[in-house]
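Dear colleague,

I am handing over the structure below, and after it you will find my notes on what was found. Please read them with the model open beside you.

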Amino acid sequence: MANASTNESGASQAHALQLQKNKRRAFKAQITSFGNALKDYQDSTKERVKIRERVERLRKQFDQFNTLQDELGLVEGFEQSEAERETVTEQYDDVIATAITLLHEVEQTPTQTTTLRTTESPTLSTSSTAIGVHLPKIDLPKFDGRLEKWIALKDSFSTMIHSHPGLSDIQKLHYLHYQARLNPPSSHS
């Protein structure tokens with residue numbers, strides 16, 4: 001009877017190990033599939049959204065993969081597990097870097113510019129037709145480095161700039177840098 005219980009326990013452990021290996025294999029297949037999709041990329045708004053979503057999903061799954069590798073390392077052996085982790089991590093990093101680079105390339109064109117006006121600065125106006133969005137003049141509250149003014153700037157920036165779907169990350173960064181340059185922190189006693 002004890003022998004039957006040992007056999008069942010061994011079969012159960014083998015089954016659990018196989019499930020873990022299948023999860024690892026599925027993650028690796030998703031990386032490969034995403035890499036292949038990037039090679040055949042045809043630019044459109046829908047495809048850009050799909051890339052962002054896949055990047056986000058893969059990032060979450062990568063954390064799960066690392067946990068899985070830790071568990072498999074106990075069974076397979078540390079060296080084998082770490083070699084597998086290193087190989088998959090390199091593939092993952094390559095695909096994520098390719099996706100992010102591709103998004104930056106298609107979202108930025110040489111003529112892409114913005115319009116910005118703050119309460120104490122002249123208007124900087126240029127064409128934004130390269131991205132198909134006419135950017136409004138944006139008045140951000142003045143921020144002089146004091147903590148009590150930070151919330152107002154943060155809320156305004158989040159609402160008017162960060163959540164604006166027509167602005168690329170680099171444009172958002174330019175707005176923030178421009179605002180900081182116009183209103184350098186002052187020293188207060």
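Asp-70 is partly exposed, with a relative accessible area of 48%, where partly exposed lies between buried (under 20% relative accessible area) and exposed (over 50%), computed with a 1.4 Å probe on protein chains only. Before going further, please keep in mind that this is a predicted model, in which local features need pLDDT of at least 70 and side-chain atom pairs count only at pLDDT 80 or more, while totals for chains, interfaces and linings use all residues. Residues are numbered from 1 along each chain as its sequence is written, and side-chain values use heavy atoms, with hydrogens and water left out.

As for the overall fold, the chain has 5 helices and 0 strands, where helices (H or I, at least four residues) and strands (E, at least two) are DSSP runs numbered from the N terminus. Of the 189 residues in the chain, 29% are buried.

Returning to Asp-70, this residue forms a salt bridge with Arg-85, and the closest N and O atoms are 2.6 Å apart; a salt bridge here is a side-chain nitrogen of Lys or Arg within 4 Å of a carboxyl oxygen of Asp or Glu. The pair links distant parts of the chain, since Asp-70 sits in helix α2 and Arg-85 in helix α3 (residues 78–107), 15 residues apart.

Glu-82 counts as partly exposed, at 27% relative accessibility, and together Asp-70, Glu-82 and Arg-85 are linked in a network of salt bridges. The structure holds 6 salt bridges, and another one of them joins Glu-47 and Lys-50 (3.3 Å, N to O), which are 3 residues apart in helix α2 (residues 45–76) and therefore separated by about one helical turn.

Finally, please look at helix α4 (residues 147–162), where Trp-150 has its place. In α4, Leu-153, Ser-156, Phe-157 and Ile-161 are buried. Seen down the axis of α4, its buried residues fall within an arc of 105°, so they line one face of the helix, the arc being that of the directions from the helix axis to the C-beta atoms. The face turned away from the buried side of α4 carries the exposed residues Glu-148 and Thr-159.
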